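Q: Hey, can you walk me through this one? I'd like to know how the pieces sit together.
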Amino acid sequence: ALMWYSKKVTRKSVWWLFDRMIPAVAIVCFCIRFGNLMNSEIFGYPTTLPWGFEFVRSREWHQLYEGLPCHPTQIYEMLYCLVAGVTAWVMYHTYHLQKRVGLITGVSLLIFFGTRFALEFMKNPQVAEEADMTFNIGQWLSVPLILLGAYLIATSRTRERGEAGERIPFQPSGIALYITCGARPFLSIFFSLLHWRSSLPAFVFSNPVKAQYSLQVIMECSFR
């Protein structure tokens, strides 16, 4: 819908629209992570830092870390959402960098997914197979968006003329963003099934209840 709107209505690059959407996107992501915190899910490894949380409502925490405070990674992610939103707002309203179309989006992608890539090192694995992976599924799925952010920053000057109202060709990189975002849940499921390829069939047919739970875990990991 956004691609159609950019091509037919604004007649500008899709990044012209994304540059103006980033603060709203940051608020939505902030609320999602706040919901994760309230649900005591997607937390980090144990920590001795004074702001560690005991997630007493989490069955996973009781099984793995009972009595040990853990990193509240949900709060860390809320903070980078706040930083991304404020940065985009300042870039737009104070420095008027929206003239360099795609720059605000590129910087925001680096903040969102560069920080997430780093935070994944302190997150509790969402599926057991991630414990043996050098980079987990969330990190692998963040890499294309980090690269896309760097590309948008490097090429933002070439799209600067679009702010003056001149119609510019639709950017192929816009299609890349939608493909990347749309493929994230499917790639996540693929990675999970790839690790379970030898045991999944027997596991599913021998224990349907646990199989249903395992597939639920995969889906939660896909959309986290």
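This is a predicted model: local features need pLDDT of at least 70, side-chain atom pairs count only at pLDDT 80 or more; totals for chains, interfaces and linings use all residues.

Q: Okay, so what's the angle between α5 and α6, and how far apart are their axes?
A: Helix α6 covers residues 137-155, and α5 packs with α6 at about 155 degrees, with the axes 8 Å apart.

Q: Are those two roughly parallel or roughly antiparallel?
A: Angles over 145 degrees count as roughly antiparallel, and therefore α5 and α6 are roughly antiparallel to each other.

Q: Is the crossing of α5 and α6 left-handed or right-handed?
A: For α5 and α6, the crossing is left-handed.

Q: Which residues meet there?
A: On the α5 side they include Leu103, Gly106, Leu110, Phe113 and Phe117. On the α6 side they include Gly138, Ser142, Leu145, Gly149 and Ile153. By class, the contact of α5 with α6 has 13 nonpolar, seven polar and one charged residues.

Q: While we're at α6, is alanine 154 buried or exposed?
A: Alanine 154 lies in helix α6. Exposed means over 50% relative accessible area, so at 64% alanine 154 counts as exposed.

Q: How far is alanine 154 from glycine 102?
A: Their C-alpha atoms are separated by 9.5 Å, with the two residues 52 apart along the chain.

Q: Let's move to α4. How does α4 pack with α5?
A: Helix α4 (residues 73-93) and helix α5 (residues 103-119) pack at an angle of about 165 degrees, and their axes are 10 Å apart. That angle makes α4 roughly antiparallel to α5. The crossing of α4 with α5 is right-handed.

Q: Who's touching whom in that pair?
A: From α4, the contact includes Tyr76, Tyr80, Ala84, Ala88 and Met91. From α5, it includes Ile104, Val107, Ile111, Phe112 and Leu119. Sorted by class, the contact of α4 with α5 has 14 nonpolar, three polar and two charged residues.

Q: Which residues of α4 are buried?
A: Among them are Thr73, Glu77, Cys81, Gly85 and Met91. What covers the buried residues of α4 includes α2 (14-38) and α5.

Q: And how long is α4?
A: α4 has 21 residues and reaches 30 Å from its first C-alpha to its last, close to the 30 Å expected at 1.5 Å a residue.

Q: Now the start of the chain. How do α1 and α2 pack?
A: Helix α1 (residues 2-10) packs with α2 at about 115 degrees, their axes 9 Å apart. α1 and α2 are therefore roughly perpendicular to each other. They make a right-handed crossing. Leu2, Tyr5, Ser6 and Thr10 of α1 meet Val14, Trp16, Leu17, Phe18 and Met21 of α2.

Q: Last one: how many helices and strands does the whole chain have?
A: The protein chain has nine helices and zero strands. Of its 224 residues, 42% count as buried. Among contacts between residues at least 6 apart in sequence, 67% join residues at least 24 apart.

Note on methods. Residues are numbered from 1 along each chain as its sequence is written. Side-chain values use heavy atoms; hydrogens and water are left out. Axes are lines fitted to C-alpha atoms, for helices over the stretch in contact, and angles run from 0 to 180 degrees between N-to-C directions. Helices (H or I, at least four residues) and strands (E, at least two) are DSSP runs, numbered from the N terminus. Angles under 35 degrees count as roughly parallel, over 145 as roughly antiparallel, 65 to 115 as roughly perpendicular and the rest as oblique. A crossing is left-handed if the near helix is turned anticlockwise from the far one by less than a right angle, and right-handed if clockwise. Contact means heavy atoms within 4.5 Å. Ala, Val, Leu, Ile, Met, Phe, Trp, Tyr, Cys and Pro count as nonpolar, Asp, Glu, Lys and Arg as charged, and the others, Gly among them, as polar. The expected span of a helix is 1.5 Å times one less than its number of residues. Buried means under 20% relative accessible area, exposed over 50%, partly exposed in between (1.4 Å probe, protein chains only).
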